[in-house]
Each structure stands twice: as structure tokens, then as C-alpha cells.
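Notebook open, structure loaded. I'm jotting down what I look up as I go.

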Amino acid sequence: MQYNEIRKSFLDYFESKGHKIVPSASLIPNDPTLLFTVAGMVPWKGILQGAEAPFATRVADVQKCIRAGGKHNDLDEVGFDGRHHTFFEMMGNWSFGDYFKEGAIEMSWELLTKVMGLDPNKIRVTTHVSDEESTELWRKIAGKEAIRLGDKDNWWSAGDTGPCGPCTEMFYDFGEDIQNEDDRWVEIWNDVFMQYDRDANGNLTPLPKQNVDTGGGLERWGAMMQGVRDNYDTDLFRGLIGATEDVTGVKKTDANIASFKVIADHLRAVGFAIADGVIPSNTDRGYVIRRILRRAMRHGQILGHRGALLSKLYPALVTEMGAAYPELAAQQSRVVEIIQNEENAFADLLQNGMKLLDAELPKINNGILPGDVAFKLFDTYGFPLDLTQMILRDKNMDVDVAAFERAMTEQKERSRANTKGTKVLWEAKNVAATADATKYAPNDAMGSKVLAILKGEEFVESADAGDVVEIALDKTNFYGTQGGQVGDAGEIVAHDQTVMTVAEAARAGDVVIHKGTVNAPISVGDTVQTVINAGVRAATARAHTATHLLQAALRAVLNEDVEQRGSKVSPDSVRFDFSFGRAMTAEEKQAVEDLVNKWIAADMPVEHDEMSLDAAKAKGAMALFGEKYGDTVRVITAGDVSCELCGGTHVYHTGEIIKAKINKEKSISSGIRRITMSVGNLAE
């Protein structure tokens, strides 16, 4: 039974059991804690945790997943055995408060032995030591005596607290002649029974609605159903490896099989991720995909291939998997263009970096490349450490990683000092501000206490007229530069006179720093009032809300996988960076501008709400990946078109923006575009 047949048989079976069949969710999860969709349960996390209402009580799917970053990382194992993958497909059926243990076990057993036709004698089952019910059900349904295991093997939880419960796993015998038990008995299916809520003290309370979360890796099923022991010997991978032989002009052998496995696996991860909207870059998930792409190219070079590789192999991926995942063909031209750009850039990088590396290799007499050389490769030529290690591994050499990390730390400190100016002094001072230090007040006049004054590079007790200083207060209604929005301007007032003209409000941690010129003597401990420049605040708020509308319009006109990669919000001016693989057409730019202005003219209400992070996720609020959010967050909702986590200043009706005009759209790096836009008075 081939992959396409297994998928269809699996979904057909559960559809016959009343399950709603849904397509795979994106590899880009709606979860700021994850780089990728790493498991079949990720798209259903809100339902499983009770934060979202289920749209159906029974669901089945085949979910595309990537495990190649953070704690979910199989990248370094790929190529060296027959079961590890960065990209894989996870089959699953889900019960949201419907059937529970008996129904799940009955269907699991019927699926495996009746639909797939597996020999019952070649299947072992395990249950949790506390789960008497599942253990007895296996005796009743299958005549199987379950192996009882502990929390490490047969207990699932979403985290230290929250939904959790026992699970039962099924293992298949891949052959009596296999000596290693882990290689002989391979897990092929898992039923998780979410029946408890665990609190911070470890206490378990039964959930009001009990859910079933199941999963089985399609790649393992492919090997099992095709009678092979290596996933890469199955039909799908044979097709991809054959295409790699054609492109490279090299035949697969026992000596080079690892490189063929790496290329076939990485082609799937890179192709699917870019089709879903991930753009190779130097940060976050974009960096992971760039790293995978370059690792594949490096293995192509090990085979003796030069030039484009994955871009030439992508059509083979469409041939093998396009029927199940139509987005591969729909995005083909865009994906191939992005991969080609990456391959060209990497070829130049590798050529220049290898010159330095080749010059240094003869100097090594202990098999260890000095850390400062590895850092120079990274800093000057863009060589990530793992690429240098991979090249050296082929020469039985390694890198002084500790020295590399010291050089990296020193560079970060230099960069921090150079780019953040006096911020490092404030952080060293560790000024203690109250919890209201960055909270906005509804009025412009409020009693505040001067905590510290920085003049030049020294903290002083007082400042005189004419001094250029930075001042921290125990509370303020000034917005300090953060999240791409420039800080407020205004005045600090005492005794009915302006004691300081604030040109800019900046931020050091939780402390807002007021930068400007002193007009009258001011001292630590003085009580003052803060008065923001209302005109500057209003113009900045217009621009910030317009930025949210711009992102919504880009996702509507281009595709929903457009992702913010940076922004600068100034009074009536917006700079917005986003992931997209090509230049926008004139028609697309006009459509985006028209849509933003349509929403402005609609004068939609803009809600400013504070809520828990879980409530914000349940509401569908977009989060900026990589940002750290507390338990309580601020959500800005513009009508029914935009809902984002944001701490910045905003208007209360979109009509206050007046008008928006896109000035320019251009590329700033591979796969990253930039739009500049004027709003309000500047757009007239």
C-alpha cells in the first residue's frame, strides 16, 4: 500500500465512523511559543484546552509537521538512520467530548487489523500503570495483555499544568531477526486520553469534557505497509531519491546514502514551509528553513554536485505529494524563485568562506579550528557554526565551540553598547520604577516623582537649565519607544512652569526614559507632572492603527501567510516589513491601499482591551513571533478586520486616520519586502 493509498484509507475509515475530515493546517502555527506545527495536536490546542468551542465533536486529518528548531529538533539525526525526519505527516483522529477510551481503542484496533490488514500477533500494546480501564478494554476488545508503563512512556501533558492524561501505544514488530528491541518494535499509533486538569501543586481534577488525541506517523506506516525497515525505502522517498540521482548525475550507494536521505528529507521541509509562507531569513523559523536548505546543498556538494539543487528537485516533490497537498503546485513558481535566490546567495557565501577556511586548515595541528576563526566565518561570511562543523566533520576535525561562543558574546556586548547608547547605563543603574512606569493615564497631568537623572554618562542628583539629560520617573503617561513605535514628546512641568522639554521618550527594560533639555532646575525626589504633545501622540496613534490595517490588507490581497518582520511607526508615517517572495504588482499595491482606505472610511470602532494571554489567543489575536508576552496582554481590535496583541497607542475609530497612501514597496533582503506609507495629514 503506497502513501496516497494509506492516507485515503485512513481518512475514509474515520469518515465512515462519523468524523469530519479536515485538511492539514499550516506549518506556521497560531501559537507564539512554537516555531512550527510540531505535532498533530497543535491546531487543536485551543479546543483540547477548553479555550475554543469545537466545530465538530469528531474530526480526522493528516497534519504536516516540522521538527527542526527549539526543543522539537530532529535535524541532526536525519540521514543517519531510517526513521528520523525534519518534515513528516501525522495522521490523527480526535474526539472533543464525544467517544472516549472504549471507542478510541475499538477504532484503533479495527483500523490496524481490519483496514490495514496487520497481523494481530505482530502488535504489542502499552498502557499507563494507573489506567485499569484501558488495560481491561484491550483484554476485552483484542485479547491483548497490555504492558504497563509509567509517566515517562504512557502519560501525556500539555505542560507542567493543564490538560493531561494516560495514553495507550501500539507497537509493530519489524522482524524477529532485529537484535535491538527499539528497532524491532516500533511505535505506530498512540491514543491519548485527556481526562484530568493538573494544577500547580500537581493535583489532578477530572475534566468536565474528556477528549481523545491520537497520532501515527505516516512515514512509519509506509515502511510497515510496504514491508521495509527504512522509511527512505518507501515509494515516496524512492521517487525523490531517484529525482536526486537524475539532477546530480550520481547513483545512490551504501557509501553516499546519508546524503541522499538528507536531500530528500530537506526538500520536503523546505518546499512545504515556503509554500506555507515561511521565507528563509536570519531569524526565527526563517533561519531554521535557511539552515535546512543550506544543509541540503552541502550534501549535494558532498555528492559532487554544483549549482541549484532543491529548486530543480521541487517539481519531483509536486509529483509525489501534490495530489494530497495542492498548495505545492499552486505556489510552485513562487517557491522555486525563493529557493533559487537562496541557492545563489549560498553559493557565493560558500565560495568566499571556503577561501578563508582553506587558508586556515593547514595551520591546525590538533584537529580543532580556533573559535575566533569560526566566528570570523560567521561574522564576515555568514557561515553558521553548524555549517562549519559539518564541513570539518568530513575532515575529522571540530571547532573550539567555547571560544566561538565567547567571541559571539563579546560581539553582542559591543553591538549592544554601540546601538543602544545610554540604555546600558540605565540597565546597570537598575532604577526601580513602580508597576505604573509604562501605564498610560487618561489625563495629561499627574503627580510623578523623579527617580534618577543621567547627564552625559554620570547619574547626578540635580540638573540646571540648559543641561541635556535623561530622566526616569516613578510613573508617566509618556509612551517609550517600543514595538516599532517611536516615543512621545512633550514637557515635564513643576510649579506651573516647564522644567524640561522632552524630545523623545525611550525605554530601558520597564523604565521609560525622558530625553531632552532642562529649562529650570530639577532634582531627584522632585514631584513633577507630565504633559505629552497631544498632536504628536494623535499623529502617531493614527499611523499605528493604520499599520494594523495595512497588515490585514496585505494578508487579504496577497495571502494569509504574509507575516510582519519589523516596523517603524512615526507621526503620520509607517514603515512596514513583511515576508513575501516577490515584488508586488501595481494592481496589488493599489488594491491594498484601496482596502485600507475603505476600512478608514467605514469609521470602524477600535477596541483597546486587556485580557489574559489565553483569552487573547482564543479571540484570534495575532502575535508578533519572537515577542515575549506576560499573562495579561493588550489587544487592539479594529472592526472585524484586525485583531492584534499590541502595547502601542491607537485611535478609537478608524475614521480618525483620515487617509492612507502607499509611497513605495521594495525588497530589503531575500523574501522580505518593505512598504512605506503616509497617513493622516501627510497622505492628503
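**Entry 1: a salt bridge to start with**

Which side chain meets E470 in a salt bridge? I looked it up, keeping in mind that this is a predicted model. The partner is K515, with 4.0 Å from N to O. E470 sits in strand 17 (residues 468-473) and K515 in strand 20 (residues 511-518), so I noted a link between distant parts of the chain, 45 residues apart. Buried or exposed, I wondered, for E470? E470 has a relative accessible area of 11%, so it goes down as buried. K515 comes out at 27%, so I put it down as partly exposed.

I also wrote down a network here: R7, E89, E219 and R268 are joined by salt bridges that share partners.

How many salt bridges does the count come to? I get 33.

I picked R83 and D183 next; their closest N and O atoms are 3.7 Å apart. R83 has a relative accessibility of 26%, so it is partly exposed. D183 is partly exposed too, at 36%.

Then I went to R285 and E563, a salt bridge whose closest N and O atoms are 2.6 Å apart. R285 is part of helix 10 (residues 284-302), and E563 lies in the loop between helix 18 and strand 23, so the pair ties together parts that are 278 residues apart in sequence. Both R285 and E563 are buried.

In what order do the strands of the open sheet run? I read off 23-24-29-28 for the four strands, with antiparallel pairing. Strand 23 (564-570) and strand 28 (660-669) are the edges, each pairing on one side only. From one strand to the next, the twist averages 15 degrees.

I followed strand 24 (residues 573-579) through its neighbours. With strand 23, strand 24 makes six bridges in the antiparallel sense. S567 has F576 of strand 24 as its bridge partner, and S570 stands opposite S573 in strand 24. Two residues lie between the strands in this hairpin, and there D572 takes a positive phi near 60 degrees.

On to strand 29: seven bridges join it to strand 24, and the two run antiparallel. F576 turns up again, this time with I675 as its bridge partner in strand 29.

How many of the seven residues of strand 24 are buried? Five of them are, so I can call strand 24 largely enclosed by the rest of the structure. Helix 18 (residues 534-557) lies across strand 23, strand 24 and strand 29 (672-679), and it runs at about 30 degrees to strand 24.

**Entry 2: the cores**

Which residues touch the most other members of the largest nonpolar core? I found W221 and L310, out of 112 residues. Helix 9 (residues 257-275) gives the largest share of this core, eleven residues. I listed what W221 touches, leaving out residues up to four places away in sequence: I6, M91, L111, L112, M116, I188, W189 and G216. There's also a second, separate core of 33 residues, with A541, V562, V651 and A660 among them.

**Entry 3: helix 9 against helix 11**

At what angle do helix 9 and helix 11 pack? I have about 85 degrees, with the axes 10 Å apart; helix 11 covers residues 310-321. Angles of 65 to 115 degrees count as roughly perpendicular, so helix 9 is roughly perpendicular to helix 11. On the helix 9 side, the contact is made by I263, H266, L267, R268, V270, G271, F272 and A275. Helix 11 brings L310, L313, Y314, L317 and M321.

How values were computed: Residues numbered from 1 in each chain as written. Predicted model: local features only at pLDDT ≥ 70, side-chain atom pairs only at ≥ 80, totals over all residues. Heavy atoms only, no water. Pairing = 2+ DSSP bridges. Axes fitted to C-alpha atoms, helices over the stretch in contact; angles between N-to-C directions. Contact = heavy atoms within 4.5 Å. Core = buried A, V, L, I, M, F, W, Y, C linked by side-chain atoms within 4.5 Å. Buried < 20%, exposed > 50% of the residue type's maximum accessible area, 1.4 Å probe, protein only. Parallel < 35°, antiparallel > 145°, perpendicular 65-115°, else oblique.
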